[in-house]
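Work through the exercises below with the model open beside you. Try each task before you read its solution.

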Amino acid sequence: MSEYSSMLSDLSEIITAEDLEMLKSACKEDIPEDQSTGITCSNDWFSYLEKNHKLAQDNLSYIEHIFEISRRPDLLTRVIEYRTTVLKISEDYEMDTKLTRIPSAKKYKDIIRQPSEDEIIKLAPPPKKV
């Protein structure tokens, strides 16, 4: 079993029927209602996304987005872990490639990135009351 298949299998074990309904709802613009009713388990959902070019071994951004807006950091963390360890794609690289695909966004690259520890202003603790 490939690491990609293993990741999807792990995700499938975690996703409950209730979770699946929430995930399908989060991507209702991309899954027509008549096809959504045929998706009864997470494996069906992953298969549908793959067939419609929303998910692939090297294209995880769609499910990352769906997990993020569905407030499922546990699922998102597993996908990001796969992306960074197996595919060796870091968050910075991902941001760079997304921004370079959008010419007008290049100027915002420095604004969007997270500050380093050295760039964060440290505030002194409040004075103690006497």
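The exercises cover aromatic rings, helix packing and backbone angles.

This is a predicted model, in which local features need pLDDT of at least 70, side-chain atom pairs count only at pLDDT 80 or more, and totals for chains, interfaces and linings use all residues. Residues are numbered from 1 along each chain as its sequence is written, and side-chain values use heavy atoms, with hydrogens and water left out.

**Exercise 1. Aromatic rings**

Task: Describe the aromatic pairs that involve W45.

Solution. 
Step 1. Recall the method. A pair of aromatic rings is described by the distance of the centres and the angle of the planes.
Step 2. Apply the cut-offs. Rings of Phe, Tyr and Trp (its six-membered ring) pair if their centres lie within 6.5 Å; planes under 30 degrees apart are stacked, over 60 edge-to-face, and the rest tilted.
Step 3. Start from the total: the structure holds three aromatic pairs. One of them joins W45 and F46, with 5.3 Å centre to centre and 50° between the planes, and is tilted.
Step 4. Another joins W45 and F67, with 6.2 Å centre to centre and 40° between the planes; this pair is tilted.
Step 5. Locate that second pair. W45 sits in helix 4 (residues 42-51) and F67 in helix 5 (residues 61-69), 22 residues apart, so the pair links distant parts of the chain. Helices here are DSSP runs (H or I, at least four residues), numbered from the N terminus.
Step 6. Check burial. Buried means under 20% relative accessible area, exposed over 50%, and partly exposed in between (1.4 Å probe, protein chains only). W45 and F46 are both buried, and F67 is buried too.

**Exercise 2. Helix 5 against helix 6**

Task: How do helix 5 and helix 6 lie relative to each other?

Solution. 
Step 1. Two packed helices are described by the angle between their axes and the distance between the axes. Axes are lines fitted to C-alpha atoms over the stretch in contact, and angles run from 0 to 180 degrees between N-to-C directions.
Step 2. The axes of helix 5 and helix 6 (residues 73-85) come within 8 Å and cross at roughly 155°.
Step 3. Angles under 35 degrees count as roughly parallel, over 145 as roughly antiparallel, 65 to 115 as roughly perpendicular, and the rest as oblique. Helix 5 and helix 6 are therefore roughly antiparallel.
Step 4. List the contact (heavy atoms within 4.5 Å). I63, E64, F67 and E68 of helix 5 meet L75, L76, V79, I80 and R83 of helix 6.

**Exercise 3. Helix 1 against helix 4**

Task: Which word describes the packing of helix 1 and helix 4?

Solution. 
Step 1. Helix 1 and helix 4 pack at about 135°, with axes 9 Å apart.
Step 2. Helix 1 and helix 4 are therefore oblique to each other.
Step 3. Y4, L8, L11 and S12 of helix 1 make the contact with S42, N43, F46 and E50 of helix 4.

**Exercise 4. Positive phi**

Task: Where do H53 and R71 lie, and is each buried or exposed?

Solution. 
Step 1. H53 has a phi near 60°, a positive value in a residue other than glycine.
Step 2. H53 lies in the loop between helix 4 and helix 5. Its relative accessible area is 68%, so H53 is exposed.
Step 3. R71 is not a glycine, yet has a positive phi of about 55°.
Step 4. R71 lies in the loop between helix 5 and helix 6. At 72% relative accessibility, R71 is exposed.

Terms used. Helix = DSSP H or I, 4+ residues; strand = E, 2+ residues; numbered from the N terminus.
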